[in-house]
Amino acid sequence: MIQNFISMNGYGLFVWLSFAITFLVCAIVYYRTYRTLKKYEKDFAKELDQLSESERKLVLEKSKIASQVLASYSKSI
Amino acid sequence: MFDLINPSRIFHWIEKLINFINSIFFILLIIALTFALILSPPDYLQGDSVRIMYVHVPSAWIGLASFTSIALLSMLNFIFKIKNLNLITKSIAPIGLMFTCLAIVTGSLWGQPTWGTWWAWDARITSMVVLLIFYILFILAHKLIEQEEKANKVANIIAIIGLVNIPVIKYSVDWWNTLHQSSSIKIDGTSSIHASMLLPLMLMLLVLLLYCALILLMKYKTEIIRIKKKNIKRV
């Protein structure tokens, strides 16, 4: 039964290759997208860190997104 | 209405949505794969090679739907000049490109056992290659043109021109004599596909759509952060 499942009655190579390519590409794209997002969050947090205390406070007060990015970054580290 | 797609309004929902999709994704994936690879029956003519349909068809649909969305959003952008739409189209394009490539590759893998050839320049396949070229042009416009406003304009024009190709892809199997079979699933309810095959197909479509949503949200979030980072000094 397992042999049949693997060979797919002679179409195994084509079926498994199709599924493998699809999910491998999806996994690579997910990993790269996730890494890019984390890199941007990190760079953004670093840039905020380089500001003076008052400037940072001003940025966080004026930009809701800035504080959310910072919160998301702190959660992930 | 357009305020609803304002980045600062939806930003905090993005994280929640990403977490929600992550929490259900693997369960749905396992269910869909079980149906696609084990529970669904082999086709009476194509045998088990028909299982390639469960990745090929949703990939092609997503490739087409993504480009249609990009083109329609580009039109809206031309009319209403909403900057945020550019972020969305820019985030959708790589997903559409990926699924168009997957549709072509898995189609080729399906073609060999059913048609006896990896490739044929028939109307459906050729029009899918044209779609792939439009995706590449759209992405290249954003990558190669340094002025963001000009890049957006050129990319929007490419998307609107490319929209012409969508009905060509859809009706290519009816308009011309093609090696590619005509569609088995029709919106008007006259589908010729059996429920035992339709269910895994829809499950795989759902899983791949959730995956697209996940990537889109992450890419969109990245784009927002990139812009905010640029503006940080200005604030």
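The following paragraphs describe a predicted model of two chains, from their overall form to their contact and to some individual residues.

Residues are numbered from 1 along each chain as its sequence is written, and chains are lettered from A, with ligands numbered from 1, in the order in which they are written. Because the model is predicted, local features need pLDDT of at least 70 and side-chain atom pairs count only at pLDDT 80 or more, whereas totals for chains, interfaces and linings use all residues.

Chain A contains 4 helices and 0 strands, and from the N terminus on its elements run α-α-α-α. Helices (H or I, at least four residues) and strands (E, at least two) are DSSP runs, numbered from the N terminus. The C-alpha trace of chain A spans about 70 × 20 × 15 Å along its principal axes. Its radius of gyration is 23 Å, while a compact globule of 77 residues would have a value near 11 Å. This radius is taken over C-alpha atoms, and the globule rule is 2.2 Å times the number of residues to the power 0.38. Of the 77 residues of chain A, 22% count as buried. A residue is buried if 20 or more other C-beta atoms lie within 10 Å of its own, exposed if 12 or fewer, and partly exposed in between, with C-beta atoms placed from the backbone.

Chain B has 7 helices and 0 strands, in the order α-α-α-α-α-α-α from the N terminus on. Its radius of gyration is 20 Å, close to the 18 Å that the globule rule gives for 235 residues, so chain B is as compact as a globular protein of that length. The C-alpha atoms of chain B fill a box of roughly 65 × 40 × 30 Å, taken along the principal axes. Of its 235 residues, 36% count as buried. Two residues are in contact if their C-beta atoms, placed from the backbone, lie within 7 Å. Among contacts in chain B between residues at least 6 apart in sequence, 76% join residues at least 24 apart.

Within chain B, helix α4 (residues 123-144) and helix α6 (residues 165-175) pack at an angle of about 160 degrees, with their axes 8 Å apart. Axes are lines fitted to C-alpha atoms, for helices over the stretch in contact, and angles run from 0 to 180 degrees between N-to-C directions. The helices α4(B) and α6(B) are therefore roughly antiparallel to each other. Angles under 35 degrees count as roughly parallel, over 145 as roughly antiparallel, 65 to 115 as roughly perpendicular and the rest as oblique. The crossing of α4(B) and α6(B) is left-handed, a term for a near helix turned anticlockwise from the far one by less than a right angle; clockwise would be right-handed. The residues that make this contact include B:M128, B:L131 and B:F134 of α4(B) and B:V168, B:I169 and B:V173 of α6(B). By class, the contact of α4(B) with α6(B) comprises 8 nonpolar, 3 polar and 1 charged residues. Ala, Val, Leu, Ile, Met, Phe, Trp, Tyr, Cys and Pro count as nonpolar, Asp, Glu, Lys and Arg as charged, and the others, Gly among them, as polar.

The contact between the chains takes 33 residues from chain A and 35 residues from chain B. On the side of chain A that touches chain B, α2 (12-50), α3 (53-62) and α4 (64-76) each supply at least two residues, and α2(A) gives the most, with 20 residues. That side divides into 20 nonpolar, 8 polar and 5 charged residues.

The axes of α2(A) and helix α7 (residues 195-231) of chain B come within 9 Å and cross at roughly 25 degrees, which makes α2(A) roughly parallel to α7(B). This crossing of α2(A) and α7(B) is also left-handed. Among the residues that meet are A:Y30, A:L37 and A:E41 in α2(A) and B:I215, B:K219 and B:R226 in α7(B). The contact of α2(A) with α7(B) has 11 nonpolar, 3 polar and 8 charged residues.

Most residues other than glycine have a negative phi. A:N9, in the loop between α1 (2-7) and α2 of chain A, has a positive phi of about 50 degrees although it is not a glycine. A:N9 is exposed, with 12 other C-beta atoms within 10 Å. B:K81 lies in the loop between α2 (53-80) and α3 (83-115) of chain B, and its phi is positive, near 50 degrees. With 8 C-beta neighbours inside 10 Å, B:K81 counts as exposed.
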